[in-house]
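This report describes selected features of one protein chain. Please keep the sequence and the model in view while reading.

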Amino acid sequence: MQTLTFIRDNARWLAAGVLLTFLSSFGQTFFISIFAGEIREGFGLSHGQWGGIYSLGTTVSAIVMVWAGGLTDIFRVRAIGAVILVMLALACVAMALNPVWWLLPPVIFALRFTGQGMSSHIATVAMARWFIAARGRALSVSILGFSLGEAVLPILFVALMLVMDWHLLWLVAAAIALIGAPILLLLLRQERTPQSHAQSGQSMGMEARYWTRNQTFRHWLFWFMIPSLLGPSAFNTAFFFHQVHIAEVKSLSHVELVAMFPIYTAVSIAAMMLSGWALDKVGTARLIPWMQLPMVAAFVLFAYANGTWGMLVGFLFLGMNTGMNNTLPAAFWAEFYGTRHIGSIKAMAAAVMVLGSAIGPGISGLAIDLGVRIEVQFLWIAVFFVISTVSMAIGVNRAKGLLPGAP
């Protein structure tokens, strides 16, 4: 009942977050990869060439995010959010109308920057800033937009591709993103934390300070968190990017593998809501060091699975981490470094994650070309997540004593 009351009392602000994360789907790998076959065929690209273009555009978006993400500390969500959604719509139009392959890198950059980067960044920064006591629940609810997009858009657009040209479908995506801009303005006619009251609504981080981006970058805890930022984005993206190859290796049809995605999404939603509730109850410091242990289990299972059931159990663990990864990191930055400069700080963290999503598919694809079996790669990925867990545990356990009110 408390959660329902919370949602009812904050419906317009939570809905704005859901809208932004849902529309970010048009710049996410799971959506763009729907058209991978058509893009490669239309522009005469090999798998490697397409992967290189995708990595290049994503890498540049990560670099730009370091600067652009800080704009959320300056402009209201309603203003910057509406501008980004219009830019996202224009990026979709560019994909629909692009006639030559050499324009694909800037088009991919525009989609990744406005979609995966800024739309989701604005939503999570808003939730972290607007809510303090209920920060976990707010983040959980807002990220439901991403889960909704992941569950609905691939099936819908693959079905529409049977009766519509893929170029037209990008125009449909543009129209949806464009409609989102006035809806966002309507929802945020009054923002939850007015600019005039923003100063009093800030929460402090470690050592009772408001940390800046440069101070955070130089602080040792940030570097302990780097592996945990890179890992999920790099290897989740690589897993879904190479899904056709994985299906072949595991003697599954592509349809059989894709049929497991809704279960993965359902588990991620459940884990997201549960971690949001737990975050508000016991705090980030107790939860975040262990959030990537399910990734260890997932990739060990993916390595040894020899049929549908093993892969399905692997997806359950993958979904657990995806859900927790949608709530805990955003709350971590706000709790440990304060909210006054949270936009700039989280932009830096988001840039690392976007960079991970750029290099993951490239490294994995190169390894496949060099003859490294995907199962061997999965085992090395599991080892990576053991290392990232140890790094987080050391860093967070050392830093939590510096939090305001710590004994």
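## Helix α15

The buried residues of helix α15 are F261, Y264, T265, V267, S268, A271, M272, S275, G276, A278 and L279. Here, buried means under 20% relative accessible area, exposed means over 50%, and partly exposed lies in between, with a 1.4 Å probe and protein chains only. Helices are DSSP runs of H or I with at least four residues, numbered from the N terminus. An α-helix has 3.6 residues a turn, so residues three or four places apart point the same way.

Helix α15 covers residues 261–282, and its 22 residues should span 32 Å at 1.5 Å a residue. The expected span is 1.5 Å times one less than the number of residues. The end C-alpha atoms of α15 are 31 Å apart, which agrees. Just after α15, G283 takes a positive phi of about 90°.

## Basis of the model

The model is predicted: local features need pLDDT of at least 70 and side-chain atom pairs count only at pLDDT 80 or more, while totals for chains, interfaces and linings use all residues. Residues are numbered from 1 along each chain as its sequence is written, and side-chain values use heavy atoms, with hydrogens and water left out.

## Nonpolar cores

A nonpolar core is a set of buried Ala, Val, Leu, Ile, Met, Phe, Trp, Tyr and Cys residues joined through side-chain atoms within 4.5 Å. The largest such core has 98 residues, and those with the most contacts inside it include F26, W170 and W333. Helix α7 (residues 104–130) supplies the largest share of this core, 13 residues. Apart from this core lies another, of 27 residues, among them A234, I246, M260 and A305.

Residues touched by W333 include T216, F222, M225 and I342, leaving aside those up to four places away in sequence. Contact means heavy atoms within 4.5 Å.

## Salt bridges

How many salt bridges are there? The count comes to 2, a salt bridge being a side-chain nitrogen of Lys or Arg within 4 Å of a carboxyl oxygen of Asp or Glu.

One joins the side chains of E207 and R209, at 2.9 Å from N to O. E207 is partly exposed, at 41% relative accessibility, and R209 is partly exposed at 29%. R373 forms a salt bridge with E375, with the closest N and O atoms 3.3 Å apart. E375 is buried, with a relative accessible area of 15%.

Definitions and conventions: Helix = DSSP H or I, 4+ residues; strand = E, 2+ residues; numbered from the N terminus.
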